[in-house]
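Hi everyone, thanks for making time.

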Amino acid sequence: MECPPGLRSLSLFLLVGTASASALLPRDPVPDGYVAAPYYPTPYGGWADDWSESYDKAVKLVSQMTVAEKVNITAGTGRCVGNTGSVPRLGLPQLCLQDGPLGVRTTDNITAFPAGITTGATFNKDLIYQRGVAIGKEFRGKGANFYLGPCVGPLGRKPRGGRNWEGFGVDPVLQAIAGAETIRGVQDQGVIATLKHLIGNEQELYRMYNPFQQAYSANIDDRALHELYLWPFAEGVKAGVGSIMASYNAINGSAASQNSYILNGLLKDELGFQGLVMTDWLAQISGVASALAGLDMSMPGDTVGNNIPLDGYSNWMYELTRSVLNGSVPVDRLNDMATRVVATWYQLGQDQDYPPPNFSSNTADPTGPLYPGALFSPVGVVNEYINVQADHKVVAKQVAQEAITLLKNNGSFLPLSTSSPLYVFGTDAQADPKGINSCTDKSCNRGTLGMGWGSGSANYPYLDDPISSLKRKAANVTYYATDSFPSVPAPTADDVAIVFITSDSGENSYTVENNHGDRDSSGLVAWHNGDELVQKAAAKYSNVVVVVHTVGPIIMEPWIDLPSVKAVLVAHLPGQEAGDSLTEVLFGEVSPSGHLPYSIPVSEDDYPESVGLVATPLSQTQDTYSEGLYIDYRYLNKNGIKPRFAFGHGLSYASFEFSNATITRVTQLSEVPPARPAKPTSPVASLNTSLPAATEAYFADNFDRIWRYLYPWLSNSDADAAYAIGAAGDKTYPYPEGYSTTQKPGPPAGGPSGGNPALWDVAYELSVTVTNTNTNTAAAKAVAQAYVQFPEEGMGFDTPVIQLRDFAKTAALAPGESATVRLGLTRKDVSVWDAVSQNWVVPAPEGRYRVWVGAASDDLSVVCYSDSLECESGVAGPV
């Protein structure tokens, strides 16, 4: 059988066939209509005004680099989870790339923040930004140049998806706003944020290419791609994100890290992305093909083939140098790759007093290998144990607390009195008795579930667990540290049972209780017989409170309607601050203000069949998004299916009234947006594109090489041979169909840093008064959610019943106090993607758009009309 592409040389001689994954076992066919169209060449960076100064500096630096120096900053190895090489003579250091979305992974003296799904549940833009600020300070304090987050892909299309909890919720606007606020917070500290995973990484099973099987193909139609899955990335690019990580999987049959339509066409041309694109770890499956398709950085530099055999193989580094010299990779593509890396470094101000790494992701010891991937490495100081926590536990606790979502509170049973006899059940109430960091990357569900497992996790510096907090606050607490209901004394009418249950998931680098990242074994059922634990507690006690720590929706039907179950709270994944953040809500020190970032259905069968997990072993699994736009609440609403708890649902100890709404037209809309600005000439075009001299790739005399280390240099003979091929020009690389070297003017929908700037013109501004109508409760925060409903006539497009477009959270309102909330809709918010014209269009500019405002997707009591500019309150909602 032909050698798998991950093991191929990038040499011209071994690329006579193809650099795609087609050499693997036969795959299931990609369905008709799903096409990864070729899009070449890679658009140069440097044509957006807000990046111009950084590109001018970068071009000056890159113009002084040799071919090997340019290659050296596109991959590498080191003490972080990923590192670039360096160019010491020009002052460019190694750049440190480090996980993960909720904190600095695999090190100490950090904060383990609440997960993305928890953060989304706050519906608090300012708080999301402050979390980003704190995360950015910690990454900078540890000397990490790149924060490998936030995560907005997966979007959460599949309820069982393993990494949904790393993102912010199953809605493109919620993901987009939370992702953009996180990016701003992190990058305001000078740290490069990395928006991930582009795109279609909606399940963990069969996500990766390997020598025996191709990764699954996410087959997504053009409209769903734009209106759902690409939407958060567009907002992230508009927010100025410095880097984007491609996903492991294929899209419409072409691997994400070498999909020219996704990287060149959508990301770099339509969205005008100016930063760099990196692979996910070990995701690169080709050399030349991925370079041509728009990849700028290979991480961690080696490949799966580096382990078979242990010889230090890379698709880039020395092979990329060879491919430039022999003419396979155009010099201008390498120029653009290197300039994008350097420009991003300048854009975040990292050329000024940025600290070097002071930790190792490979060992907790003070000393360790300086080049851990080399097997035999010099040893030095790798951990300096710098404490970067500052007071970040404050914002971490606030996020955990404002996310707590009260689903049910019969008879206003909550808040509890601290004098009530409390009987606590479930191992989730206590920290892991074997140690809070006893499972690598949190690859077990033992004790309090504060985060999922995999590269999105972090070490706890400590864990404030619920049972410790309960015992600190309440006078009479009995704890049964078991997930099987024990024998208990006969309860009194005043006794309260608090039952803790969980559902976990993570990355497919680990299997936990037979779940391969996704919840493929457990389904949407509480782990460790949680349903039975609740049922038996409810049979024994007349007052039961259920606390759920979960990565996503679980089915609650076995117990949700039991009369003893008085209250249910979802505390999501709270990170290190799981205790007081919860008990202060239970005892009424603060009112709950979280809202569901997903729907909770009555049955898993209520979802479309197409969002289930798919698998065809020893082939390429085809994961076809046949439901189109209709996921989660969009699907349920379209089909008249009432969920148990709707997207956006969340109760409070207070009652809120929405009134006095107004709507103002800010921009007169046309069907098609104003023409995009012309794309100016990039400064990258001024760089020398002549074939480099072979001497630029020579190893220096007497260079002390480390075995298996990845270098960009070649032996003199190899460099001379490659140059001879390139100079002769009579042997050419088999370029893909549609390949071109002529820069394009850009698509009509395109523009700098996010797309056509007109898409962000404010179309309508709304204001609404929110009043705490209670007279006997403490202050409470309210969330206003705005949903658009497209006109019923004159459309020509099928659209979901309602779609979230904005949200805002008030400060704590005392009883009787009011606040004015302001919301906005952009041109894009009232547009649809027209796959024929390849542009965003307002289908009925003069039609009646309804903007619904309320506390949840099924609790919308205010509506404003775009045509009459009038609003009504106290009306029946659309669903």
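**The sheet, the rings and the charges**

Okay, let's start with an open sheet: it has 6 strands in the order S1-S2-S3-S4-S6-S9, and the pairing is mixed. At the edges stand strand S1 (82-83) and strand S9 (276-278), each with a single partner strand, so one side of each has no neighbour in the sheet. Strands here are DSSP runs of E with at least two residues, helices are runs of H or I with at least four, and the numbering goes from the N terminus. Two strands pair if DSSP finds at least two bridges between them.

Before I go on, this is a predicted model, where local features need pLDDT of at least 70 and side-chain atom pairs count only at pLDDT 80 or more, while totals for chains, interfaces and linings use all residues. Residues are numbered from 1 along each chain as its sequence is written, and side-chain values use heavy atoms, with hydrogens and water left out.

Gly 82, for one, has Leu 97 in S2 as its bridge partner. Then there's helix H5 (residues 172-187), which packs on the sheet and touches strand S3 (146-147) and strand S4 (192-198). Touching means contact, that is, heavy atoms within 4.5 Å. The direction of H5 makes about 150 degrees with that of S4; the axes are lines fitted to C-alpha atoms, for helices over the stretch in contact, and angles between N-to-C directions run from 0 to 180 degrees.

Now the aromatics. How many aromatic pairs does a search of the whole structure find? There are 28. Rings of Phe, Tyr and Trp (its six-membered ring) pair if their centres lie within 6.5 Å; planes under 30 degrees apart are stacked, over 60 edge-to-face, and the rest tilted. Take Phe 123 and Phe 647: they're edge-to-face, 6.4 Å centre to centre with 65 degrees between the planes. Phe 123 sits in the loop between helix H3 (116-121) and helix H4 (125-141), and Phe 647 in the loop between helix H16 (632-638) and strand S19 (656-665), so this pair ties together parts 524 residues apart in sequence. Both Phe 123 and Phe 647 are buried, where buried means under 20% relative accessible area, exposed over 50%, and partly exposed in between (1.4 Å probe, protein chains only).

Phe 703 and Trp 713 have ring centres 5.5 Å apart and planes at 55 degrees, so that pair is tilted. Phe 703 is partly exposed at 33%, and Trp 713 is partly exposed at 24%. They belong to one aromatic cluster, along with Tyr 371, Phe 699, Tyr 709 and Tyr 711.

Last topic: charges. The count is 39 salt bridges, each a side-chain nitrogen of Lys or Arg within 4 Å of a carboxyl oxygen of Asp or Glu. What does Arg 163 meet in a salt bridge? One partner is Glu 166, at 2.6 Å, N to O, and another is Glu 507, at 3.2 Å. Arg 163 is in the loop between S3 and H5, and Glu 507 in the loop between strand S15 (496-503) and helix H14 (530-540), so they tie together parts 344 residues apart in sequence. Arg 163 and Glu 507 are both buried. A network of salt bridges links Arg 163, Glu 166, Glu 204, Arg 207 and Glu 507.
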